[in-house]
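Please consult the sequence and the model together while reading.

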Amino acid sequence: MSEVRSNAMNFEAVKVSMQQNKDGVMLRLAVHPNDCPSDLHTDWVGSRYMVAMVKLNDQDEIETRQNEQAIQRIISSCGLLCREIDFQTYLGVDDEDAAVSMIREKCGISSRTEFRENVIAREKFIEIREEYKKWTK
C-alpha cells in the first residue's frame, strides 16, 4: 500500500461527462492546468492507473455517501410523516397538503429537496420529528 501512495498523483477534478459503451464506462474529468500532474501529460494513451476518488462539497470537505443516505432518509421521512393523520393532528392541520405547507414554513424551505443543501432546515425538521415522537408517547 505504501508503494501505491508514494507513486500516486493527486489532483482535483470535476466530472464533466460519463458514458458507457461495449468497452466500459468512460469518465471525463476536467482538471485545472495548474493541478494536472506533468506525468499525466507524458504518459501514453492506454496507460493504466489505480484510481481513488473522494467527493468534495462546496466547502472542500469530504462528502460521505453515508451523509447523502442520511439526507435522503430525512427527505423520505418528511414525506411519510406528512401522510400520517397523527402527524397532521400534531401540526394542527387537516390534510397532507397542509402538513407539507406547514413543514415548509417551519423549516424555511419551498421544497423537500432543499434539505440536501440546507443544514438548518434539516436540523429544524429533525427537531420537529423528535417533538412529534415525544408527543405520540
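Leaving aside residues up to four places away in sequence, Q88 touches C82, R83, V93, D94, D95, E96 and A99, where contact means heavy atoms within 4.5 Å. Q88 lies in helix α4; helices are DSSP runs (H or I, at least four residues) numbered from the N terminus. With a relative accessible area of 7%, Q88 is buried; buried means under 20% relative accessible area, exposed over 50% and partly exposed in between, with a 1.4 Å probe and protein chains only.

The model is predicted: local features need pLDDT of at least 70, side-chain atom pairs count only at pLDDT 80 or more, and totals for chains, interfaces and linings use all residues. Residues are numbered from 1 along each chain as its sequence is written, and side-chain values use heavy atoms, with hydrogens and water left out.

Helix α3 covers residues 65–83, and its 19 residues should span 27 Å at 1.5 Å a residue, the expected span being 1.5 Å times one less than the number of residues. The end C-alpha atoms of α3 are 28 Å apart, which agrees. Buried in α3 are I71, I74, I75, S77, C78, G79, L81 and C82. These buried residues pack against α4 (85–91), α5 (96–107) and α6 (119–136).

S77, a residue of α3, counts as buried at 15% relative accessibility. Not counting residues up to four places away in sequence, S77 touches F125 and R129.

Two helix pairs are set out below. Axes are lines fitted to C-alpha atoms, for helices over the stretch in contact, and angles run from 0 to 180 degrees between N-to-C directions. A crossing is left-handed if the near helix is turned anticlockwise from the far one by less than a right angle, and right-handed if clockwise.

| Helix pair | Axes within | Crossing angle |
|---|---|---|
| α3 and α6 | 11 Å | roughly 50 degrees |
| α5 and α6 | 9 Å | roughly 125 degrees |

α3 and α6 cross in a left-handed manner. In their contact, I71, I74, S77, C78 and L81 of α3 meet R122, F125, I126, R129 and Y132 of α6. By class, these residues are 7 nonpolar, 1 polar and 2 charged; Ala, Val, Leu, Ile, Met, Phe, Trp, Tyr, Cys and Pro count as nonpolar, Asp, Glu, Lys and Arg as charged, and the others, Gly among them, as polar.

α5 passes α6 in a right-handed crossing. I103, K106 and C107 of α5 and A121, K124, F125 and I128 of α6 make this contact, which has 5 nonpolar, no polar and 2 charged residues.

Note on methods:
Helices (H or I, at least four residues) and strands (E, at least two) are DSSP runs, numbered from the N terminus.
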